[in-house]
Amino acid sequence: MSKNDRAAPQAAAEDTHVHLKPMLGLRPGQYLTLVYGVVVLLAVYLLLFLPGIARHGAYLRLSTFPDHAMVKVDGQYAGSTPCTIFLRHGSRSIEVSRPHYAPVTFTREVRGRVFATLIVPDRSSRFVPLELQDIDALVKSALADFMKNAEIPQVIPDAAWAASVPDTQDKLYRLVAGSLAGMADESALRQALTAAARISSHAGFLTPSALVDMVQRGAQLSQEADNAPAWLLLLLSRPNQGRLGSTPWIQQYLGEYRDAISRYYQPGSAAAGPRGGVSVAGISFRGIPGGDLVMGKDDSLDTLGKSFDRLLAHPVHVEPFYLGTDEITNAEFQAFISENPEWAPANRAALVQQGLAAETYLSAWTGAAPAAGTASLPVTQVSWYAASAYAQWLTRRVQAALPGYEARLPLESEWEWAARGGLRGMPYPLGGKPGGAVFYTPGITGPRPAGTSEPNGYGLRDMLGNVWEWCADPFSMNAGLLSSREPRTSLALERALPDSPDRAVRGGSWADQPGTDRVYTRGAQPVEWCTPYLGFRVALAPRAAAGQPGTQNPPPAAQNPPPAAPNPPPAAQ
């Protein structure tokens with residue numbers, strides 16, 4: 001082995017030592033102990049004392065009956081019950097309030113603990129029972145809230161907690177019954193059943209006697225609205241529809257329904273023809289005889305009672321009345337504005353602020369007059385309130401021609417009865433053909449002059465096409481389902497529909513494709529909307545008691561003006 005192949009010798013390992021020097025005359029062992037002590041004390045302070053000093057106070061867990069009450073601390077919003085709120089050290093004023101219940105205010109002296117609040121917070125709890133003040137206002141408010149926001153049905157069982165107060169059951173059940181008109185699916189039905197259980201049990205446990213009460217009230221509803229089985233079937237999911245549809249109860253209903261409807265299609269069952277006319281303020285009206293209308297989708301007799309949708313055919317009694325031969329024109333509406341300048345386009349901003357119209361109100365007009373060459377066109381871009389105000393103005397001119405009558409918008413049943421012109425089982429006013437109705441054609445940009453179509457059996461024109469027409473009724477998607485096989489009962493149910501933010505519209509417009517609309521097609525529009533597809537015609541009928549549909553007058557002001565609305569055609573059913 002050569003010298004170069006030998007391994008190099010390794011250096012001997014040496015220990016490394018660190019020597020701390022004294023500081024301020026203290027040996028290292030002394031000042032290290034001091035440093036460690038300070039760190040421990042600081043940690044104790046930060047964990048056990050600083051949180052209690054920086055956030056000196058206590059937590060309060062608040063619960064109420066019923067829930068969802070608003071909590072304010074010293075006038076500032078703090079939460080909604082049940083909730084846990086932090087109260088700072090000192091005297092705190094706490095207010096608990098819920099609409100239609102008496103507010104509760106109390107003072108709490110908060111001392112609060114300083115030590116270990118991060119680990120074991122200072123907590124306490126308090127239960128606040130709320131006292132119902134106005135059951136009528138509660139029911140009205142809850143129903144209006146649901147009809148505006150039907151996708152949030154929890155408002156109904158939430159209001160039902162008021163059943164803990166004696167003598168509220170009947171009024172709360174009217175709330176549940178009214179809400180059925182706006183229900184769209186099975187989840188809403190579950191909320192209605194929850195509400196009914198709370199009401200019958202007086203907001204307690206569901207006992208056998210409470211269950212019997214629920215069943216009795218349900219049976220009463222089905223006796224009044226005896227087409228309710230169809231409503232129930234449409235609310236259920238497909239699997240549940242199949243299970244319920246095969247039961248003897250539904251099969252018996254279907255047989256009775258077919259028998260009841262078939263009576264209206266016997267020879268000689270059609271209504272009589274027109275019974276003369278009258279002219280008021282230069283507007284021609286045709287007399288419409290009374291009778292029993294089969295309202296809804298009835299142009300396929302083979303399917304009646306075999307399949308259902310929300311246009312369920314059902315009989316409704318219609319009293320005799322008069323209806324405008326044509327839609328109200330721009331010239332006729334201008335005469336109204338000349339005597340009522342508060343409805344002129346120049347006052348649009350005020351109408352919008354009051355919630356009586358949208359920004360598009362009469363936007364096609366020039367000043368206080370319609371654009372040149374449009375006097376004979378149907379007036380459009382008018383709200384339901386404006387149409388109702390026109391009818392109210394016209395009422396003063398009706399007395400000379402028809403004492404005891406009033407002008408108003410037609411009910412949906414009146415409109416459909418008149419549109420059919422004495423025919424049954426037909427989709428159009430003239431039977432199986434549109435008869436010159438104004439629908440979409442290439443190049444069309446607006447309606448044609450009022451009275452363009454051929455007249456139907458009652459002498460009415462443009463009952464389909466040209467422009468949609470406002471009706472008096474609040475819109476309810478389930479109006480046809482919550483009906484009866486007895487015509488006068490259906491009429492009473494129609495007039496008892498709960499209010500809603502939309503009104504029914506009928507007839508279709510120039511923007512709709514031909515074949516889209518039938519005499520039974522329904523649409524809905526918010527009351528303040530003003531679109532180029534929507535106008536109206538006026539009905540004359542014996543003066544009705546205040547509060548019935550068609551007699552509602554525009555309110556003097558709206559508390560919360562809505563935003564301007566867009567202008568699509570109404571959604572048809």
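Which residues of helix α10 (residues 330-339) are buried? I found Asn330, Phe333, Phe336 and Ile337. They sit on the same side of α10, because they cover an arc of only 115 degrees around the axis. That arc is taken from the directions from the helix axis to the C-beta atoms. Buried means under 20% relative accessible area with a 1.4 Å probe, protein chains only. Helices are DSSP runs (H or I, at least four residues), numbered from the N terminus. I then looked up the cover: it includes α12 (384-398).

A note on the source: this is a predicted model, where local features need pLDDT of at least 70 and side-chain atom pairs count only at pLDDT 80 or more, while totals for chains, interfaces and linings use all residues. Residues are numbered from 1 along each chain, and side-chain values use heavy atoms, without hydrogens and water.

Next, the cores. A nonpolar core joins buried Ala, Val, Leu, Ile, Met, Phe, Trp, Tyr and Cys residues through side-chain atoms within 4.5 Å. The largest has 65 residues, and Leu62, Ile94 and Trp231 have the most contacts inside it. I listed what Leu62 touches (heavy atoms within 4.5 Å). Leaving out residues up to four places away in sequence, its partners include Val71, Ile85, Ile94, Phe106 and Val128. A second, separate core has 50 residues, among them Val278, Ala344, Trp393 and Val467.

Last, the largest pocket. A pocket is an open set of points on a 1 Å grid over the protein atoms alone, where a 1.4 Å probe fits, with protein on both sides within 12 Å along at least five of seven lines; lining residues have an atom within 4 Å of a point. I counted 34 lining residues. Ala177, Leu180, Arg217, Gly218 and Leu221 lie nearest the centre. α6 gives the most to the lining, with 10 residues.

Note on methods
Helix = DSSP H or I, 4+ residues; strand = E, 2+ residues; numbered from the N terminus.
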